[in-house]
Each structure stands twice: as C-alpha cells, then as structure tokens.
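Me: I am new to this structure and would like to learn how to read it. Please show it first.

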Amino acid sequence: MRSFADSDGDGLGDIGGLRRELPYLADLGVDALWITPWYPSPMADGGYDVSDYCDIDARFGTLADADALIADAHGLGLRVVIDLVANHTSSEHPWFTAALAAAPGSPERDRYFFRDGRSGGEEPPNDWISAFGGSAWTRVSEPDGRPGQWYLHLFAPEQPDLDWDQSAVREAFDAVLRFWLDRGVDGLRVDAAPAMAKQPGLPDAGHVPGARFESRTWVGNPHWDVDGVHDILRRWRAIGDGYDGDRLFVTEAVVRDPERLSRYVRPDEMHTSFNFDYLTAPWEPRRLRTVIDESIAALDRVGAPPTWVLSSHDETRHVTRFGRADSSAATMGFDTGRPPADLDLGLRRARAAALLTLALPGSAYLYQGEELGLPEVEDLPDEALQDPTWERSGHTARGRDGCRVPLPWSGDTTPFGFTTEGIAPWLPQPTSWAALTVAAQGADPASTLSLYRAALRLRRSVPALHAEPLSWVSSDDDVLAFDRGPAFRCVVNLSDRSIDLGGQDRVLLASGPCSGSLPPDTAAWLSSPGEE
Ligand code: GLC
Ligand code: MG
C-alpha cells in the first residue's frame with residue numbers, strides 16, 4: 001500500500017493511488033491483489049501494528065475509499081485480499097493503553113501477556129526472542145511510576161502479543177473478520193499465524209544469547225508453531241465458510257518443513273499458505289527441484305494447492321538475491337553484509353525464475369515491482385531507514401526497506417510518477433530506476449514487464465497450466481524440465497552452457513534471447529514435448 005502509488009501528494013502510497021492503477025494490475029493479468037495492512041497504525045512496523053481493526057488509516061484514505069476500491073476491483077475482475085494482523089496489536093491500541101493503566105492481574109492485562117520478571121523482577125520472565133532482534137519482553141512502568149511487569153512481543157515492542165486463550169480476544173476478532181467480509185473482501189492473509197498460540201506456562205525456549213529468530217530450524221518451540229494455533233484457524237475458516245462466494249484464507253507460516261506447513265491448510269483450516277521453502281531457495285537446480293517436489297507432495301496429502309513466491313515485502317528482492325554467489329534468502333532483513341550482487345546475472349535468473357514459477361501447478365504470488373525487475377535498494381542512507389529491524393539489531397541488520405522503495409511509474413527523475421512532482425517519496429528511489437519505469441518498459445517487447453504480461457496471459461489461456469499435473473522430464477542435473485500434460489513443457493537452464501531445444505518453432509515464450517537453443521540462466525515454455 002505505502003509503495004504502490006500515491007494520489008494525494010504526501011509521498012505515501014494510498015487507496016486512491018491503488019484505485020487509479022487497478023487497470024494496470026488487471027492488464028498485467030493477475031487475478032487478485034493482496035493489500036498489506038491499511039488500518040489506523042502508528043506505523044512502528046509498516047502498519048503491522050494496528051490500533052483499530054475496523055477502520056482505515058487516514059493517510060491511506062477512508063472506509064468509503066476502501067469500499068470504492070473493492071467495488072472497482074470487482075468491476076475489473078480482480079479479487080481483494082487484506083491482511084489480518086491478529087498475533088499482536090499496536091501498543092497504542094485502546095486495549096493495550098487500558099492494560100498499561102490497569103493494575104497487575106487485572107482483566108485488562110489478561111488480553112496480553114503481562115508477567116513478573118525473574119531475579120526480583122529485573123530480568124525478563126523467560127528467554128524468548130523478538131523476530132526483529134533482542135528479547136521478546138519489555139518492562140513497563142506501573143501507573144505509580146515504579147518499574148513493574150514485563151509484556152511479551154514476538155515482534156517490535158510496539159506490537160504486544162495478544163493472549164489467544166482469552167475468549168474476549170477470540171470474540172473480538174470474530175467481529176473483525178465479519179466486519180471486512182461483510183464489506184466484500186474476498187480473502188484474508190493471516191499474518192504471523194504460527195505465533196498465535198503459546199505453550200502454557202511460557203517455558204524457556206532454550207535460545208542461546210544473541211540467537212536469531214530462525215523459526216524454520218526450531219523443533220518443539222514454545223512460542224512458535226504450537227498446535228493450539230490450529231483451533232484459531234478453524235474458528236476463522238468456519239466464519240469464512242458462512243459467507244457466499246469463494247472467500248480465501250492464505251496464511252503466512254514460516255515453519256520447519258512442508259509437513260508442518262501442511263497442517264495449516266488442512267481441509268477445515270486455511271485454503272493456502274505462502275511457500276517459504278521456495279521463497280528462500282537458492283538458484284540451484286537440485287534444491288529447487290526438491291522444494292518443488294516436497295511442496296507438492298506435502299500439500300497434496302491434505303488436498304491443498306501448492307503456492308509459489310519469489311519475493312515479498314519482508315525479503316531481499318530476488319533480482320539481487322539471484323545475483324549473489326549465495327542466492328539463498330535470510331528472512332526479515334537480516335541479509336546485511338553479503339557481497340555486492342551481479343545485477344545483470346540476477347535479472348537474467350529472475351526472469352527465468354518467473355517462467356519457472358508461473359508454470360508450476362497451484363497459485364503464484366508476485367510482489368509489486370518484481371514485474372519491473374526491480375533490484376533491492378541496498379544503499380538507502382541510514383537516516384532514511386524505517387524498518388524496526390535496523391534499530392532492534394543495534395544497527396547491524398539494515399532491515400526490509402530496500403525491497404519497499406516506491407514503484408517507478410514514469411518519467412526520468414524521482415518520484416517517477418509515484419507521487420506528485422517535487423514531492424519526496426517516503427523512501428528515496430535510485431536514479432537508475434528511470435530505465436525501469438512502467439512507461440519505459442510498457443512499449444518494449446523485451447522488457448521484464450512485457451515478459452510478465454505475456455506469461456500471465458499464457459498462464460490463463462493454456463488449459464494444461466490449470467489442469468495438468470507436473471511431471472519431470474529426464475534431463476541433465478542442472479536443467480529443470482517438466483511437462484504439464486502432453487502439450488506443454490517448461491525448461492529452465494541452470495547450467496553454464498546452452499542446451500538444444502530441438503527447434504525454435506515450439507517456443508511459446510522465453511525469458512531471454514533464444515533461437516532454438518537455450519542459453520544459461522534462461523527458461524522457455526514450449527508448446528509440446530520434444531525428443532527425449
Ligand atoms: C509478518 C509480516 C511482516 C511483519 C510481521 C509482524 O511477518 O509479513 O511484515 O513485520 O509479520 O506483523
Ligand atoms: Mg498518499
């Protein structure tokens with residue numbers, strides 16, 4: 001929302017800007033849009049700190065604007081998915097300010113996790129850590145001014161965790177869901193789902209000092225992926241199922257493996273889930289193939305479709321990631337200190353990865369700007385950084401601002417049509433983005449934007465891409481080749497030599513120059529299988 005398009009000249013994207021550019025999204029060929037949190041928020045974490053779940057932040061617009069956006073989107077055949085941030089509220093939510101004003105042990109405090117500290121109150125109640133660095137506990141001053149209890153925040157201190165064992169919390173969120181479903185949103189993206197249940201008694205997790213929030217490595221962790229979370233998801237699914245139309249739940253769940261992930265998409269839970277194994281996989285044929293196979297197999301067991309994603313508002317943009325020798329991803333902006341990327345190589349691979357991703361069975365999520373081939377902005381000045389990761393890590397991790405720089409739409413200089421001429425966007429845009437604007441790429445058939453448009457169009461029109469399962473074709477180890485039924489093949493060349501495609505005439509689309517043979521780091525869609 002903040003980085004897409006600005007309509008009122010304050011340098012911050014808003015609903016008006018999004019409405020204006022809906023035709024761009026429809027023309028790009030997507031089916032739905034997911035909007036990051038648009039609720040009133042102090043913006044300590046980009047809106048993931050919500051102070052009122054049933055309104056729109058004035059900087060983004062009004063509830064009437066939201067209604068108009070939903071109506072316009074539906075008019076263009078686009079579905080609207082909004083973000084549901086329920087693990088925590090903002091520290092400025094009235095529930096939390098009431099909890100601070102109330103006494104220890106009072107019902108106001110029960111909605112959150114307030115506990116006495118250890119060592120006479122001086123030390124946090126346990127060893128849990130925050131995703132943004134440091135302890136997950138902050139000590140409060142009691143109303144009488146004395147140092148008092150501690151409260152839990154698995155993210156920033158401005159994001160106190162709710163206690164989902166409290167029926168008052170569950171019931172309040174039932175109403176939030178209904179509020180938005182009644183307004184016509186088509187789906188909810190459930191933020192930080194694995195955080196929502198905690199092991200009773202809040203036992204130590206065994207984190208060593210300085211440990212990172214690496215939830216994909218944790219087994220039996222008391223504050224992440226605790227089974228109680230599934231009760232909450234079932235409750236929500238039942239609410240969604242009570243509505244007409246297809247209402248979708250997609251969950252963010254960064255958990256250990258595809259099997260744990262599959263639990264979030266059992267038939268009475270979420271419909272789909274983001275695929276972090278794929279999002280963090282390096283540009284490496286064996287790993288990609290394993291992730292693809294394991295994702296499909298694990299989700300198939302519970303009857304859920306796989307999903308695929310290459311970038312997000314939390315990760316280094318994949319043009320940059322794929323341009324590095326180590327092209328795996330570190331989550332939440334902890335990517336600092338990696339060597340500079342070869343962006344030509346990264347873009348070549350990113351374009352190939354787009355064709356790989358869009359040829360896989362299931363649904364694909366695009367992160368705004370990837371269709372323009374935007375790289376991560378790695379040289380934002382320190383004073384421009386806004387992500388809490390920067391402060392919380394003691395200025396050792398630069399955080400996620402580099403993937404959130406506002407989109408370049410047109411023109412030769414900043415703000416590139418994102419906001420009113422002469423106004424600074426909320427994060428500075430690199431001058432080199434003049435060549436990457438929507439206007440500059442729209443007319444160029446070889447541009448990344450044209451590639452995405454063509455791929456999304458074919459994805460709609462080629463029946464095999466909806467119906468047929470994936471079957472691997474035997475190939476060299478460093479080539480990924482698979483069929484979707486007898487009439488469609490995708491070939492991705494991760495080797496360092498060109499490979500023969502057996503003629504140019506069957507090439508429907510290629511991610512780079514390709515004349516019957518496929519260069520390294522290039523992918524092609526073919527209209528029917530060639531010779532083995
Ligand atoms: C999710 C969001 C991220 C946010 C965090 C806390 O991971 O994607 O942007 O900071 O949750 O709400
Ligand atoms: Mg604005």
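**Helix packing**

Reply: Helix H12 (residues 343-359) and helix H15 (residues 448-461) pack at an angle of about 10°, their axes lying 10 Å apart. That makes H12 roughly parallel to H15 (angles under 35 degrees count as roughly parallel). This is a predicted model, in which local features need pLDDT of at least 70 and side-chain atom pairs count only at pLDDT 80 or more, while totals for chains, interfaces and linings use all residues. Residues are numbered from 1 along each chain as its sequence is written, and side-chain values use heavy atoms, without hydrogens and water.

Me: Which residues in H12 and H15 meet?

Reply: Two packed helices are described by the angle between their axes and the distance between the axes. Here the residues that meet include Leu347, Arg351 and Leu358 in H12, and Leu451, Tyr452 and Arg459 in H15 (contact means heavy atoms within 4.5 Å). By class, this contact of H12 with H15 has eight nonpolar, two polar and two charged residues.

Me: How many residues has the largest nonpolar core?

Reply: In soluble globular proteins, nonpolar side chains tend to be buried together. The largest nonpolar core has 140 residues, and Trp38, Phe173, Trp236 and Trp525 have the most contacts inside it. A nonpolar core is a set of buried Ala, Val, Leu, Ile, Met, Phe, Trp, Tyr and Cys residues joined through side-chain atoms within 4.5 Å, buried meaning under 20% relative accessible area (1.4 Å probe, protein chains only). H12 gives the largest share of this core, seven residues.

Me: What is the order of the strands in the open sheet?

Reply: Strands of a sheet pair through backbone hydrogen bonds, either parallel or antiparallel. The order of this three-stranded open sheet is E3-E5-E4, with antiparallel pairing (two strands pair if DSSP finds at least two bridges between them).

Terms used: Chains lettered and ligands numbered in written order. Axes fitted to C-alpha atoms, helices over the stretch in contact; angles between N-to-C directions. Helix = DSSP H or I, 4+ residues; strand = E, 2+ residues; numbered from the N terminus. Parallel < 35°, antiparallel > 145°, perpendicular 65-115°, else oblique. Nonpolar A, V, L, I, M, F, W, Y, C, P; charged D, E, K, R; others polar. Buried < 20%, exposed > 50% of the residue type's maximum accessible area, 1.4 Å probe, protein only.
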